Amino acid sequence: MAAIPTIKKLDEAVVNRIAAGEVIQRPANALKEMIENSLDAKSTSITVTVKSGGLKLLQIQDNGCGIRKDDMDIVCERFTTSKLTKFEDLSSIATYGFRGEALASISHVAHVTITTRTAQSSCGYKASYSDGKLVSPRPGMSADPKPCAGNKGTQITVEDLFYNVSTRRKALKSPGEEFAKIADVVSKYAIHNSGVAFTLKKQGENMAAVRTASGASILDNIRTIYGTTVARELLEVSCENQRFAFKMHGYISNANYSVKKLQFLLFINHRLVDSSAMRKAIESLYEAYLPKNSHPFVYLSLEISPSNVDVNVHPTKHEVHFLHEDSIIEAIQQTFEEKLLGANSSRTYFTQTLLPGISVTDTSAVTSVEGEKSNGAKVYAHQMVRTDSREQTLHAFLPPKDHPVKSNESNNISQLSSGRKHKAIAMNQNPSSTIINLDEECSASHSVDEDFSEQPAGSKKPRLEERSENARSTSSSGIYREISLTSVLNLQKAIDQSEHKGMKELFEDHKFVGCVNKSLALVQHSTKLYLANITTLSKELFYQIILFKFGNFDFLRLSEPAPVLDLALLALDCEESGWTENDGPKDELATYIVNLLKEKRTMLLDYFSLEIDSEGNLLTLPVLLDGYVPNLNGLPMFVLRLATEVDWDSEEPCFRSFAQECSRFYAFKPDPFQADDNSCEDDNEGIDAAMAKPSSSCHSWQWTVEHVLFPAFRTGLMPPSHFSEDGTLLQIANLPDLYKVFERC
């Protein structure tokens, strides 16, 4: 008869290693636990470094609150945590961790090193762990945490994962497949935690496998990680139900997008989990919209009352149970269906744009987007350049900080503030509601300002060409006046004569590549790449618009009158004004400016839509370009320079100098907080920076450059010859030359 086995208590090391095998099944599980610890520590930046799929090295660095030195002795022991004190706390748990098993489990199957520093500590501390206990990093050294240099936050280094569990190590996939699972975990947490910057890279490589910015939105992160193809087909969904105490927000793909395997990102109370019931419900719903064996992309964030959720179901916390599961899934499924029914009445198919010159076998089915003829000639490698500006720009590779809106939305602009408590100035960008009929407001009998001593004899029809047509079509008043002033015709003729023909062709056919900074942009023409100065180009554009659209401007009306006296005083307080005591008292100079502009106000209103009332208040500014509003930080200096820099004594110099000063004010200056040559420093007597930023900046300055200014450069700018000499436009690359360089290599 066989002996009856004796029940024995397992050795503690065996118990811990078995438990660790349940929590840490593969490198991706270990990383998930450490990422959640970093998020619990309120980190805003998390960097993960991996070697051999995480088996040789798995390191995570965050900038969270760190670990106190006194806690480092027990931080890797089982059931040590700062997030739970009694069992009842599980009903209201709001953190990822709560059992205190993650680091302990990792230390039982790997060598762990922790380097950490809190904000209150003057230095960091470093310690090594094995089987949950502090160990000496080298023979003969103390196991106590050692002071060291370090940034605020924690770095955990896990080496030789499963070195003592050979069976588990052999059962794992290849390093490449393990890295893919790690990338999947990082990607999902990066998408959900849009306020945290995530970086994942292999050790020794500079290129990151996953990289997101802390300022990017959830949709931006989806675009960065999963690509533009899925991002442009997403529908935003949300619902809330008080009865079942939950609310949901997410993004789901429409019928235009499908993949071979369901891409399902589910977060319940911000915890990455899975739900077979919800997965099945989503799959069954999409069967009516997608071809057979095709699946959607679904990102879902579900917030349920913590008292209704049981998170202590599985050692890996990958599954949770919650009350009213069937009802919640049904409500979510109904929300999805309503969104899909309203968005998928048609299917869209995207095609690849062909390079010009490539032969097409079926010309009836495919046409060139650029409208160029296909002559069947061979296209060589050095001629193959992008020709469709709609494909990509540099901005596609940068996380947008704000979202573009339509240009006809109203924009509140600028508040003037000084010791005199000036009132706020606001402006409406939609000019149609504030158009003043020129013939009603101004006497049409005077063809030239009565202030000029010399009356022009010009009676020729002005050479406005396309600009005349544009002026007719854009004038909201429906009235177009032909200007026959000799002085204006001479200035227009000077612009025509200085035009650079080759550069004109460049601007007409250029492709916008992207912005380098707030004053420089890249454009492509043929096989050449150019660096363009946005500020100089916009200044020249507005100068030409003023002269070719002379007397036919729409109005931008200030919601409250802006006293010219206060504007002049603000400008004189700026160092840029060049005021000295020898110039006389500022109050007297400001009064002189007011009187001068009041004297010229009839002409300013008639020709330039710049209205000043009899009391010396500025009421309107001209609309020079639809969808564009100048930065009003430069308004005080503009008023000052109108009085000091414009030649008011003779007609042609007056119009020329006025156009120069006006274009100087309107020139592209996107950052209202940055002091430059055209703006005043904010020192309690200048433009209030918090209120001066126009709401049109919701477009983002890059959007304004790409969608407002450069289209205007393409159709309306006559580039002068000096642009090719003064650095306004610089050629920085030529594909054939680059091809020769690489050919020699």
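Of the 745 residues in the protein, 47% are buried. Keep in mind as you look around that this is a predicted model. The chain contains 22 helices and 24 strands. Among contacts with a separation of 6 or more, 71% are between residues 24 or more positions apart.

**Stop 1: the nonpolar cores**

Begin by selecting Leu 618, Leu 621 and Phe 655. These residues have the most contacts inside the largest nonpolar core, which has 81 residues. Now color helix α14, residues 534-548: with 9 residues, α14 provides the largest share of this core. Apart from that core lies another one, of 54 residues; Leu 58, Leu 103, Val 112 and Tyr 257 are among them. As a piece of background, nonpolar side chains tend to be buried together in soluble globular proteins.

Return to Leu 621 and show its surroundings. Which residues does Leu 621 touch, leaving aside those up to four places away in sequence? The list includes Asp 554, Phe 555, Leu 556, Leu 632, Leu 635, Phe 638, Phe 665 and Tyr 666.

**Stop 2: aromatic rings**

Next, display the aromatic side chains. Phe 542, Tyr 628, Phe 638, Phe 665 and Tyr 666 form one aromatic cluster.

How many aromatic pairs does a search of the whole structure find? There are 17 aromatic pairs. For one of them, select Tyr 189 and Phe 267, an edge-to-face pair with 5.8 Å centre to centre and 80 degrees between the planes. Tyr 189 belongs to helix α5 (residues 175-192) and Phe 267 to strand β12 (residues 263-268), so follow the chain between them: this pair links distant parts, 78 residues apart. Is Tyr 189 buried or exposed? Tyr 189 is buried, at a relative accessible area of 0%, and Phe 267 is buried with a value of 0% too.

Move on to Phe 507 and Phe 713. Their rings are edge-to-face, 6.5 Å centre to centre with 75 degrees between the planes. Phe 507 sits in helix α13 (residues 501-509) and Phe 713 in helix α21 (residues 701-716), so this pair ties together parts of the chain 206 residues apart in sequence. Both Phe 507 and Phe 713 are buried.

Select Phe 179 and you will find Lys 202 over its face, 4.7 Å from the ring centre. Then try Trp 579, where Lys 586 lies over the face of the ring, at 4.7 Å from its centre.

**Stop 3: a hairpin and a helix**

Select strands β10 (residues 234-241) and β11 (residues 246-253). They run antiparallel and are joined by 8 bridges. At one of these positions, Asn 241 has Phe 246 in β11 as its bridge partner. The hairpin has 4 residues between the strands, and Ala 245 takes a positive phi there, near 55 degrees.

Now highlight helix α6, residues 218-226. Which residues of α6 are buried? They are Ile 218, Asp 220, Asn 221 and Ile 222. Their cover includes α5, α7 (228-231), β10, β11 and β14 (297-304). After α6 comes Gly 227, with a positive phi near 105 degrees.

**Stop 4**

Pick Arg 117, in strand β3 (residues 111-117). Arg 117 has a relative accessible area of 19%, and it counts as buried because the cut-off is under 20%. What does the side chain of Arg 117 reach at 2.8 Å? That is the backbone oxygen of Gly 150. Arg 117 also touches Cys 65, Gly 66, Ser 122, Asn 151 and Lys 152, among others.

Finish with Asp 606, in helix α17 (residues 601-608). Asp 606 counts as buried, at 1% relative accessibility. Show Arg 481 as well: the side chains of Asp 606 and Arg 481 make a polar contact of 2.7 Å.

Methods:
Residues numbered from 1 in each chain as written. Predicted model: local features only at pLDDT ≥ 70, side-chain atom pairs only at ≥ 80, totals over all residues. Heavy atoms only, no water. Core = buried A, V, L, I, M, F, W, Y, C linked by side-chain atoms within 4.5 Å. Buried < 20%, exposed > 50% of the residue type's maximum accessible area, 1.4 Å probe, protein only. Helix = DSSP H or I, 4+ residues; strand = E, 2+ residues; numbered from the N terminus. Contact = heavy atoms within 4.5 Å. Phe/Tyr/Trp six-rings, centres within 6.5 Å; stacked < 30°, edge-to-face > 60°. Lys NZ or Arg CZ within 6 Å of the ring centre and 35° of its normal. Pairing = 2+ DSSP bridges. Polar contact = N/O pair within 3.5 Å; in protein donor to acceptor, adjacent residues only side chain to side chain.
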